[in-house]
Each structure stands twice: as C-alpha cells, then as structure tokens.
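Please keep the model in view while reading.

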Amino acid sequence: MRITLGLDSTSLSRRYPRLAILATLFMAFGLPLGLYVAALAVFPLNTPERLDAMAEQWLGYDLAGSPYRYIVYTAFLLLVAFIAVNYTAVFGGVSTWVERRVAGRMQSRIGPNRPGAAGFLSWVADAVKMILKEDTIPAEADHLLFRAAPYFSMVGLLLPFVVLPFGEATVVTDMNVGVFYVAAASAFVVVGILVSGWASNSKWALFGGIRGAAQVMSYEIPAGIAMMVPVLMAGTLSMQGIVRAQGGWPWQWFVFQNPAAFVAFFIAVTASLAEGNRTPFDLPEAESELVAGYHAEYSGFRLAIFLMVEWANMWIMAGLAVTLFLGGWQVPGYGAEDYARLLGTGLLPAPGWFGLQLLSMLMFVVKTWALVFVFIWLRWTLPRVRVDQMMSLCWKYLVPGAFLCFVVTLVWQLLVPPAGVAFTGYALTALALFVLAKFAVATRRNISKVAGHRVDLGNW
Amino acid sequence: MAQGIRAYFGHITDVVTTFWEGLSVTLSYMLRRPITVQYPDRVEKRVADTLPPRYRGILEVDTAVCTGCMACERACPIGVIKISTDKDPGNPKQRVITQFDIDVGKCMFCGLCVEPCPTGAIAHTREFEATRKHVDSLVFRWVPDPAKPVPFYRPVKGQDAPRAPVGEILRRCLAAASWIERPSFLPEERKP
Ligand code: SF4
Ligand code: SF4
C-alpha cells in the first residue's frame with residue numbers, strides 16, 4: 001500500500017481530535033497559567049533581603065556575607081526575566097490568533113480554524129514557519145544596524161514589564177518613578193523602527209521609519225500629560241501606589257472618579273495606540289503605500305521579533321491603561337488590610353494569600369484582555385488616518401485636551417471634597433453603564449435590521 | 001472665529017458619532033454567523049447535492065442505453081470522447097462498444113455532446129470532485145475492459161430508454177476510488 005499525502009492524512013489534528021483538544025487546552029490555559037504561577041512564586045522573592053533570609057533559614061547559608069551573592073542575585077534576575085520574556089512571546093502569539101478570529105467574524109468570515117481545536121495552534125505554526133525561514137539581509141543594507149534593529153524594539157517591549165503590576169505582589173519591582181519609567185522605556189520601540197528603516201536601505205522602509213519617529217514623538221506629549229492625571233490623583237508615580245489609591249469596584253477606579261480623568265483615559269488610550277503603531281495609526285507599515293513599511297526588508301526570525309513586538313505591545317498599552325485608570329489588580333471587596341492579614345509574618349505566606357494573589361492577577365488579566373479586545377475591535381473598524389490627519393489629531397485635539405484634563409484635575413484635587421469624589425464615581429459609573437446598554441441596543445438593532453439575520457455564534 | 005470654534009467641536013462630535021456607528025456595526029457582525037461554507041469537510045450536505053439540477057459537472061455514460069451512434073464523439077469540439085466499436089465475435093449481427101473514454105481533464109463542460117444523444121446515455125452529473133494525482137487518471141473509461149465489450153442498445157419505439165438515474169453510476173465509481181486505492185475503471189497510472 002502506498003502512503004500518500006492526501007487531504008485526510010496531512011493534518012495531525014484531524015487524525016487525533018482528542019490530542020488536538022488537549023494540546024490546545026495546554027497552550028491556551030496551561031501555559032499562561034503556568035507562567036502566572038511561576039511569576040507569583042518568583043517575583044515577590046526578587047529582593048536581596050528575601051533571598052538572604054531564605055538562604056539563612058532553609059540552607060543555613062549566610063548569603064549576605066558570601067562572595068558569590070551577586071551571582072545568585074543575577075541568576076535570580078535572569079529567572080525573572082525568563083518568565084517575563086516567555087510571557088510576552090505567548091501573549092503575542094495568542095493575541096494574533098484572537099485578532100485573526102475576531103477580524104474574521106467581523107468581516108463575515110471565519111479566520112484560521114484548522115490547526116488545533118478552533119485553530120488555536122495556528123500561532124505556533126506561524127512562529128515555527130517564521131523561525132524556519134531564511135534570514136536574508138539585503139546586500140546594500142547596513143549590516144550591523146539591520147541585524148540590531150529588532151532587538152531595540154524587543155528591549156523597548158520588555159522593559160516596561162519591570163514595573164507593570166500583574167497582581168498585589170506580582171511585580172518585578174515597584175519603582176517610585178514607575179510611570180515615568182514606562183513612558184521612557186516604551187519609547188525605545190521606535191528606536192528599533194527608525195534604525196530598521198534606515199538600515200534597510202529601501203525607500204519604503206525609510207519612509208516607514210521616519211513616519212514612525214514623527215508619530216511617536218508627537219504622541220508622547222498627549223500620552224505623557226494624560227498619564228499625569230492618575231499620577232496627580234494618587235499623588236505618586238509608583239505603579240503599585242497608583243493601583244493602591246484605587247479600589248476594586250468600578251466607582252473606585254480613577255477613570256470614574258473625576259470627569260477629567262474620564263476624558264484623559266480616552267486620550268491616553270488613543271495616544272498609546274498611536275505609539276504602539278496600531279491601526280488606525282499604523283502609518284509606519286501602511287501596506288497600501290509602503291509595502292510593509294519599516295520591516296519590508298526583514299524576513300525569518302527578525303521579522304518574527306518585529307511582529308511579536310507589535311502584538312505584545314498591546315499588552316503593555318492595555319496593561320498600562322488598566323493600571324492607571326481601571327483599578328489594576330484590585331479585587332472588589334478586598335482591601336490592603338486583607339492582603340496584610342493573609343500574608344502573616346512568617347517567611348512563607350498562608351495558602352489563602354496565594355489564592356487572593358491569583359484572584360488579583362485574574363482581575364488584571366481579565367481587564368487587560370478586555371481592553372486588548374477593544375484595540376482589536378478598533379483596528380477592524382477604522383480606516384487608517386492620513387499623515388496630516390494624524391498630526392492634526394495630535395496637536396490640535398489631543399494635546400490641548402490633555403492639558404485641559406491636567407489643569408481640571410489639579411483644581412479638582414484641591415477643591416472637591418471626598419464626598420463629591422465618591423458621588424462622581426457613582427454618577428460616572430451609572431453613566432458608563434447606561435452608555436454601554438445603549439450601545440448594546442444599537443448593536444442588537446443593527447442585526448435585526450437585516451431580514452433573516454440574528455445573533456448566532458455558530459460556524460466555527 | 002465663531003465658525004472655527006463650531007468646526008472644531010463639530011469634528012469632535014463627528015468622531016464620537018461615527019465611532020458609535022462604526023463600532024456597533026462591526027460588533028454586530030461579530031455576533032452573526034459567518035457566511036463562509038467550510039468546504040470540503042464541514043458541510044451539512046455534500047456540496048454536489050446542493051447544486052442546481054442542470055449543473056454541468058463531470059460527464060457520466062450509462063453504457064446500457066448507449067446506441068453506439070457516436071454522435072457525442074462527433075459533437076465534441078475538442079475531441080474529448082473516444083469511442084471504438086466492433087462486431088461481436090459470437091454474434092456477427094450484433095455490434096459492440098469496445099472503448100468509451102472521456103478525458104475529464106480536457107473536457108470544458110460545454111454540453112455539446114449531451115444534446116445529440118438519442119437516449120440520454122451521456123449526461124452531466126452534479127459531481128465535480130475527482131482530483132487525481134496524475135492527469136492521465138482523469139481519462140474515465142466507461143467500458144473498463146475491451147475484452148468485455150458492451151453491446152449496442154436498440155431503442156424501442158414509443159418507449160423511453162431505461163436510463164439509470166443521472167449521477168448514480170459515477171458516484172458509485174468515485175466512491176470506490178479512495179484516495180489511496182486507485183479505482184478500477186481508471187487506466188494504470190504512469191510512473192512519475
Ligand atoms: S462537454 Fe463539451 S468538451 Fe466535454 S466532452 Fe462534451 S462536447 Fe466535449
Ligand atoms: S452516448 Fe449517446 S451520443 Fe454517444 S454514442 Fe452513445 S448514444 Fe450515441
């Protein structure tokens with residue numbers, strides 16, 4: 001009998017459907033959950049004092065006085081970095097699948113649905129394909145810069161993870177200038193874009209790089225000012241401090257505590273979309289005019305890095321907005337004293353503490369994914385803006401608006417008593433719920449307007 | 001000045017209202033059923049069975065009612081059909097068809113061969129899936145074995161030829177041809 005690669009035998013997942021489902025479940029939930037648990041187990045220990053104490057108590061080894069202590073600290077930091085890097089890669093991959101499926105349904109198509117259950121493993125297949133491709137470098141390119149550019153972008157993507165709080169205790173380090181640090185470090189991505197545009201020695205890539213630089217530099221200003229609003233409201237630049245100043249319930253979030261913050265939230269999200277080169281601001285890689293923009297000449301693994309940065313940046317943008325405006329990891333009904341009570345005084349905290357920590361991470365992850373979905377949704381709704389529109393939006397609308405929000409927040413902090421803030425919280429939450437309900441009704445009406453159409457989530 | 005201010009705030013209102021419209025439209029499409037038909041393996045019915053009855057798919061010949069008139073062979077503008085006839089060695093009065101080949105790989109599904117057929121022996125089915133690894137395998141042999149020729153059919157006056165339902169013979173042949181085993185009614189595959 002001959003073995004042929006026919007329609008039925010190519011796909012492993014069709015031959016072993018159970019295996020496909022298991023693999024999908026593992027990649028979709030097991031892998032991220034494992035990373036979250038690893039982060040929870042490792043991140044809080046990431047201080048020299050704690051490491052010293054652990055070595056003292058369990059090994060009877062005096063690490064603080066040992067000549068090898070820096071090797072141990074560095075090894076520990078590398079472990080932390082390993083978890084964070086893997087998390088970005090997994091998120092970047094999963095979000096491409098989510099994006100393609102969402103985009104498909106929004107355009108009355110299906111999207112990738114063959115590898116693994118519901119096509120979930122297509123991102124793994126894409127990554128493998130990318131890695132196996134040849135890494136070509138144009139002959140006329142600036143070889144050193146061409147090779148280095150993706151890593152600039154990657155560093156810009158990874159640096160904000162240092163202060164991005166995933167949970168009450170799950171943060172690599174809580175810098176007292178966290179917001180400032182994120183604003184500075186995430187702008188590093190554009191260095192990669194500019195360098196790749198320059199080094200490619202191609203006019204499309206150069207245009208893309210220059211556009212990226214112009215865009216990011218303009219939008220840094222409204223983004224920075226809008227991010228100052230929660231800083232003013234919390235009175236601290238530390239990310240954890242800002243989250244602690246908010247509460248678990250929506251009316252305790254900064255976005256609803258003051259009308260200026262409500263506006264600033266939208267300004268900050270718009271500006272971060274532009275900084276992350278997401279549609280409608282994807283001018284640096286506008287396919288219709290610039291082929292693929294700054295990464296037109298890249299292939300193989302370097303291209304994979306650029307694409308991963310692009311998608312994983314959504315996590316940074318969304319996570320930042322959630323942290324600053326939407327209450328971060330705060331769990332409704334649990335305050336700071338609950339965390340302290342469950343933590344206890346021993347070297348290892350009680351199991352209940354870990355449960356609460358996982359819950360707080362879950363809050364953060366759910367909110368961030370919701371915002372990532374909004375980004376995807378925007379991308380498949382809006383056309384790309386022109387360069388002049390992009391500039392006028394920034395300088396004529398966002399910058400003055402952000403300044404106004406800033407000043408109003410200053411006055412608000414000085415003049416409005418806590419009771420007024422609480423009332424605004426309830427009022428704005430009610431308003432937001434009302435708007436969401438109206439929106440749901442409008443969406444429902446859009447469906448029933450067409451004869452024969454109804455809500456149907458089938459045909460996967 | 002006042003006009004400028006109105007234009008400025010008009011733009012902001014435009015943004016809000018158009019976002020409202022656009023986002024609700026795309027979200028509403030996300031909640032509808034994609035119209036994509038997941039051919040070939042996730043369809044409720046075989047696609048061939050959902051096609052209109054006069055669809056011009058792969059040709060089928062019911063040799064039991066073929067009169068051997070060769071009208072179809074003459075009608076084909078590109079020589080797709082190849083018919084050979086002979087005398088029956090056992091019965092010199094009876095003529096037989098020893099070969100009836102249709103090269104589906106060449107056929108353009110124009111239907112010109114179907115028109116002149118006096119008995120409806122040659123007809124279009126609604127089948128269209130017959131991919132083969134080699135193009136030669138697309139020559140469908142309706143008389144599989146020249147040693148076992150098929151006698152001519154003699155039409156009976158005032159009576160329709162008892163033709164098998166269109167599509168049934170072909171479907172049976174195609175079903176017998178799995179992807180791995182070659183069907184018996186196709187010629188030997190050339191070694192690539
Ligand atoms: S359908 Fe047209 S091309 Fe095909 S065999 Fe008949 S006459 Fe020839
Ligand atoms: S298939 Fe029809 S047209 Fe062709 S030889 Fe037979 S009877 Fe004649």
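Are the residues of strand β3 (residues 95-103) of chain B mostly buried or exposed? The model is a predicted one, in which local features need pLDDT of at least 70, side-chain atom pairs count only at pLDDT 80 or more, and totals for chains, interfaces and linings use all residues. Residues are numbered from 1 along each chain as its sequence is written, chains are lettered from A and ligands numbered from 1 in the order in which they are written, and side-chain values use heavy atoms, leaving out hydrogens and water.

Strands here are DSSP runs (E, at least two residues), numbered from the N terminus. In β3(B), seven of the nine residues are buried, that is, under 20% relative accessible area with a 1.4 Å probe, protein chains only.

Strands count as paired if DSSP finds at least two bridges between them. Strand β2 (residues 81-87) of chain B runs antiparallel to β3(B) over seven bridges, and B:Ser84 has B:Gln99 as its bridge partner in β3(B). Strand β5 (residues 139-141) of chain B is also antiparallel to β3(B), with three bridges; there B:Asp103 is partnered by B:Val139. With β6 (residues 150-151) of chain B, β3(B) forms two antiparallel bridges, and B:Val96 faces its bridge partner B:Pro151.

Turning to the ligands, 13 residues surround ligand 1, each with a heavy atom within 4 Å of the molecule. The closest are B:Cys76, B:Cys107, B:Cys110, B:Gly111 and B:Cys113. Around ligand 2 there are 13 residues, of which B:Cys66, B:Cys69, B:Met70, B:Cys72 and B:Cys117 come nearest.

Methods
Buried means under 20% relative accessible area, exposed over 50%, partly exposed in between (1.4 Å probe, protein chains only). Helices (H or I, at least four residues) and strands (E, at least two) are DSSP runs, numbered from the N terminus.
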